[in-house]
Amino acid sequence: MIDQWGSTTGVRRRVARPRTRLAAAGAWIARLGRRVPAPWPYVLALFVGSKLLLTLVALVVLHAWDGVPGIPPAEDALMWQQQQDISGHRWYSFWFAWDSIIYLRLSELPLTGPWHDFGFPLLYPFLARALGAVLGGNNALALLLISNVAFLLLLRYAYGLGQRLLGDDAAARRFVRYLVLMPAAFLFQAALTESLFLCLVLAAFHYAERRRWLVVGVLGFLLALSRSVGMFVAIPLAVLLVQQHGWRLRPRAWPHYVRTGWPLLLLPAGWFTFMAFCRWRGGDWFAYQHAQETGWGIRVQNPFGVLVGGLFGPALDAARAWFTLAVLVVLVVGLRRRNPAYLVYGLLVVLVPLSMGPPVFKSLLRYLLAAFPVGLVLARWTRNATVDVWLTAVLALLQGALFVLWLSYWTHVVI
């Protein structure tokens with residue numbers, strides 16, 4: 001009996017050891033998590049979780065589409081071949097689509113040779129040019145690393161800004177989660193400028209709320225070099241500056257605004273720097289505008305007219321236009337009293353792309369990712385846990401559907 005109980009006990013101990021090891025590993029991870037300062041554990045969990053989930057979905061969907069007739073569709077066959085040229089690893093190459101290929105080419109063009117691509121600001125590809133040199137010339141990997149590091153940082157800045165504007169940690173967490181769940185938010189991880197642009201925007205507002213205007217100016221200079229709408233962000237930042245000083249607009253207050261807010265001039269200076277590059281390499285200050293006109297048929301138009309036309313246009317354009325209208329309604333209703341600077345910003349990043357005319361509809365869902373104040377409004381409106389759960393589920397399903405379309409090569413639904 002003793003031997004039998006001893007044997008049984010031994011078995012029990014052998015069975016218990018894996019559990020003990022798992023418990024020890026869990027305890028070690030918990031201790032490590034407690035040592036990491038807030039809100040990094042939450043931010044890292046969102047970042048890593050979204051990365052793993054999207055990669056898993058991508059591998060399943062891409063495998064499922066293998067051999068299906070008509071995949072990829074004819075209009076996306078070139079992009080599929082370009083992805084194959086970048087890498088044979090599909091979990092890696094599917095993050096490159098259309099504009100990604102242009103950014104990669106811009107990062108590799110020699111500065112001493114002829115330059116013909118002026119349609120895109122150069123911060124993103126030039127950062128990849130520098131990082132790619134460190135990575136042994138792998139500029140494609142550099143583009144992805146920049147996007148993903150910017151994605152991680154934008155989540156951190158969003159959390160801090162959400163805490164300040166919403167007043168509590170729970171609301172800040174909802175705000176960050178909604179940014180990750182926006183319909184086209186998987187593009188934050190792609191080789192595109194979305195994450196870099198929004199990271200710089202959120203950082204600029206983060207430091208503007210803390211009245212560190214010189215830092216805001218430096219970030220704004222880079223912001224204007226990342227996307228054309230970046231220089232217009234000076235307007236809502238100026239509104240925030242005036243708001244911080246009690247909306248004083250008398251002439252006696254102007255010298256103070258000049259002394260405090262002069263770094264905002266660095267935002268238009270950033271775009272002027274890109275124009276100077278166009279003049280240097282192309283002999284034309286407005287080479288970027290001419291490239292967009294000839295390459296994509298872009299003409300500056302009344303954004304409201306473009307939006308109304310889209311509401312009753314082809315089915316896909318109409319769906320995008322109605323979604324854009326819903327975004328505008330949420331911004332106006334949710335921010336008109338509490339956060340006027342963020343309302344101005346939200347209207348700008350929606351209406352400026354619309355001013356490019358009907359060609360914008362193909363990329364409208366992508367451009368709407370910059371309208372982060374929508375997440376602030378949703379975080380305020382979902383203090384009820386049930387509403388939060390339902391909205392989270394709806395956004396996740398919508399993003400999942402768009403992600404499957406992206407993986408199925410119908411990328412022009414999204415960009």
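Does Gly 297 count as buried, partly exposed or exposed, and at what relative accessibility? At 37% relative accessibility, Gly 297 counts as partly exposed, because that class lies between buried, under 20% relative accessible area, and exposed, over 50%, with a 1.4 Å probe and protein chains only. The model is predicted, so local features need pLDDT of at least 70 and side-chain atom pairs count only at pLDDT 80 or more, whereas totals for chains, interfaces and linings use all residues. Residues are numbered from 1 along each chain as its sequence is written, and side-chain values use heavy atoms, with hydrogens and water left out.

The protein chain holds 20 helices and zero strands, where helices (H or I, at least four residues) and strands (E, at least two) are DSSP runs numbered from the N terminus. Its radius of gyration is 24 Å, close to the 22 Å that the globule rule gives for 415 residues, so the chain is as compact as a globular protein of that length; the radius is taken over C-alpha atoms, and the rule is 2.2 Å times the number of residues to the power 0.38. Along its principal axes the C-alpha trace spans about 95 × 60 × 45 Å, and 50% of the 415 residues count as buried. Among contacts (heavy atoms within 4.5 Å) between residues at least 6 apart in sequence, 71% join residues at least 24 apart.

Leaving aside neighbours within four places in sequence, Tyr 342 is in contact with residues including Leu 161, Leu 165, Phe 205, Leu 240 and Phe 372.

Leu 240 belongs to the buried residues of helix H11, which spans residues 234-244 and has eight of its 11 residues buried. What covers these buried residues includes helices H9 (194-209), H10 (213-226), H12 (254-261), H13 (266-282) and H17 (340-354). Just after H11, Gly 246 takes a positive phi of about 70°.

On a 1 Å grid over the protein atoms alone, a cavity is a set of points where a 1.4 Å probe fits but cannot get out, a pocket is an open set with protein on both sides within 12 Å along at least five of seven lines, and lining residues have an atom within 4 Å of a point. About 1,100 Å³ of space lies in the largest pocket, and of the 42 residues that line this pocket, Gly 119, Gln 292, Ile 298, Met 356 and Tyr 367 are the closest to its centre. The second largest cavity has a volume of about 30 Å³, and its lining consists of Leu 179, Met 182, Leu 368, Leu 369, Ala 371, Phe 372 and Gly 375.

To return to the opening residue, Gly 297 sits in the loop between H14 and helix H15 (303-311). Not counting residues up to four places away in sequence, Gly 297 touches Gln 292 and Pro 359.

Conventions:
Grid points are joined across faces, edges and corners, and a volume is the space filled by probe spheres set on the points.
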